[in-house]
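Try each task before reading its solution.

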Amino acid sequence: MPDLSKPALVWFRNDLRLSDNPALMAASASGRPLIAVYVLDDENAGAWAMGGASLWWLHHTLASLAQNLEAIGGSLILKRGKADEMIPALADETGAAAVYWNRAYEPWAIARDTQIKAALTQASIEARSFNGSLIVEPWEIATKQGKPYKVFTPFWKSLKASHRPADPIAAPAELSFAAPPTSDRLDDWALLPTRPDWAGGLRQMWSPGEAGAQTRLTTFIAEGLSDYDTGRDKPAVRGTSFLSPHLHFGEISPRQVWHAIEASPQGQGEDADSYLSEIAWREFSYNLLYHFPSFPEDNFQPRFDHFDWTGTDADFAAWTRGLTGYPIVDAGMRQLYETGWMHNRVRMIVASFLVKDLFIHWRRGEDWFWDTLVDADLASNAAGWQWVAGSGADAAPYFRIFNPVSQGEKFDPDGDYVRKWIPELAKLPRRVIHAPWTADRATLAQAGVTLGLDYPKPIVDHAEARQKALAAFAKIKDAA
Ligand SMILES: Cc1cc2nc3c(=O)[nH]c(=O)nc-3n(C[C@H](O)[C@H](O)[C@H](O)COP(=O)(O)OP(=O)(O)OC[C@H]3O[C@@H](n4cnc5c(N)ncnc54)[C@H](O)[C@@H]3O)c2cc1C
């Protein structure tokens with residue numbers, strides 16, 4: 001008979017929730033008293049350690065998870081350092097007989113977790129991992145030839161036809177916990193910005209944690225889903241679900257989202273299908289990351305290695321600060337800095353502008369997003385950047401160069417989005433709001449705008465940049 005008094009560790013990672021958490025359920029089913037632990041492992045993450053906005057989110061979501069565990073008689077043990085040292089040491093210290101976790105798919109996490117599993121098994125400690133973050137794990141889905149999907153549409157068709165997610169599991173009503181070992185204090189990790197405290201906009205917009213995630217989902221189903229197909233492309237309206245950081249940190253699972261959408265009154269319509277296809281883009285991004293682990297660093301199409309990146313640091317700085325002179329680009333960059341999030345349509349516009357108008361490598365944009373997004377996600381961020389750059393797997397062709405003026409006019413026709421994020425342009429009339437340099441003097445004066453003083457003149461001429469980009473691409477088109 002196994003000695004059931006020995007505890008089981010539940011190692012929380014990007015699955016910071018109690019409901020639909022397979023590792024937690026397995027630990028509970030083991031009949032052992034539990035110890036819940038989170039390890040902040042910057043060292044193994046290396047260059048992909050969390051950026052500033054993610055750390056802000058992490059602080060609040062850990063506080064929320066700790067509270068939820070306390071409400072059922074437990075606690076959350078916090079450790080900071082290399083998980084391959086911390087987890088075996090904690091198992092040893094507490095006499096744990098088992099360690100359970102939900103899988104992660106970042107290459108550095110896979111390497112680390114494989115090593116931990118081997119070390120625990122060697123020490124006769126049961127080590128089991130589960131799928132808590134994806135609808136379909138990358139090794140469960142393949143083309144007819146048994147190869148990884150590189151194109152989204154057939155991936156999505158296969159997911160829908162053959163990988164319907166199982167029903168989510170409810171949060172355990174009762175758990176028994178072992179005496180807690182020592183824990184770090186969350187405040188001592190100093191994850192929140194203080195000098196300066198730039199997180200005011202984040203606090204206003206977000207409620208990290210499981211309850212906040214559920215509220216977002218319910219609100220979206222009630223208010224956004226029925227018009228998602230058109231609403232999702234309008235940055236001035238709340239047309240999307242804002243679930244990305246909640247999904248990234250695993251405060252809600254894609255299975256829970258999927259089933260809630262399907263069970264809703266609009267669950268069988270086109271808007272729901274379109275929404276679920278976006279959830280599938282997240283799955284597809286993980287599929288690419290798993291099968292092509294250098295995807296966040298290297299061009300998927302090697303011919304882009306020969307591209308001539310001539311952009312300057314000054315242009316990069318103007319882009320990050322929302323001072324390029326193109327209102328839709330600047331509005332997006334300011335929304336990002338202020339709230340840790342940017343609308344998907346605008347992410348595409350600002351990314352295209354960086355790569356194809358300023359000739360700056362997508363890796364620099366990816367890094368900036370990594371530091372400033374609350375939903376910074378290795379798989380989705382890399383996939384987004386490579387898609388826009390044209391260097392990715394199922395990417396937009398390079399010659400598809402977003403025109404920042406016509407994109408603005410099409411997707412923000414009244415200029416409300418620009419007015420919200422660039423108050424200095426708020427009084428400009430609709431017809432020039434996306435191209436203030438085309439306004440005559442009287443119009444600018446009436447709106448109180450002096451170009452070059454209150455708001456910059458465009459730092460590049462888009463038409464010229466476009467020609468230059470096409471010529472530069474022509475040079476690498478046939479490279480291997
Ligand atoms: C250059 C670039 C970088 C990006 N970086 C990230 C990132 O770091 N993290 C991230 O989560 N998303 C990223 N995206 C994808 C997308 O912009 C966001 O997921 C979306 O804007 C989040 O808002 P939402 O939750 O309201 O989306 P909704 O429209 O409500 O979509 C629902 C969910 O589907 C998933 N999703 C939607 N679109 C995509 C997509 N194109 N690729 C992958 N998943 C998607 C997200 O999990 C999202 O929460 C990036 C896109 C681009 C173009």
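Buried means under 20% relative accessible area, exposed over 50%, and partly exposed in between (1.4 Å probe, protein chains only). Helices (H or I, at least four residues) and strands (E, at least two) are DSSP runs, numbered from the N terminus. This is a predicted model, in which local features need pLDDT of at least 70 and side-chain atom pairs count only at pLDDT 80 or more, while totals for chains, interfaces and linings use all residues. Residues are numbered from 1 along each chain as its sequence is written, and side-chain values use heavy atoms, leaving out hydrogens and water.

**Exercise 1.** Find the buried residues of helix 5 and work out how they are arranged around its axis.

*Solution.* Step one: helix 5 spans residues 107–122. Step two: its buried residues are Ala109, Arg112, Asp113, Ile116 and Leu120. Step three: viewed down the axis of helix 5, these fall within an arc of 95° (taken from the directions from the axis to the C-beta atoms), so they line one face. Step five: on the face turned away from the buried side, helix 5 carries the exposed Thr114 and Gln122.

**Exercise 2.** List polar contacts (pairs of N or O atoms within 3.5 Å) of the ligand.

*Solution.* Start with serine 241, where a polar side-chain atom lies 2.6 Å from a ligand oxygen. Next, a side-chain N or O atom of asparagine 344 is 2.7 Å from an oxygen atom of the ligand. Finally, serine 244 places a polar backbone atom 3.0 Å from a ligand oxygen.

Terms used: The expected span of a helix is 1.5 Å times one less than its number of residues. A polar contact is a pair of N or O atoms within 3.5 Å; within protein, one must be able to donate a hydrogen and the other to accept it, and residues adjacent in sequence count only if both atoms are side-chain atoms.
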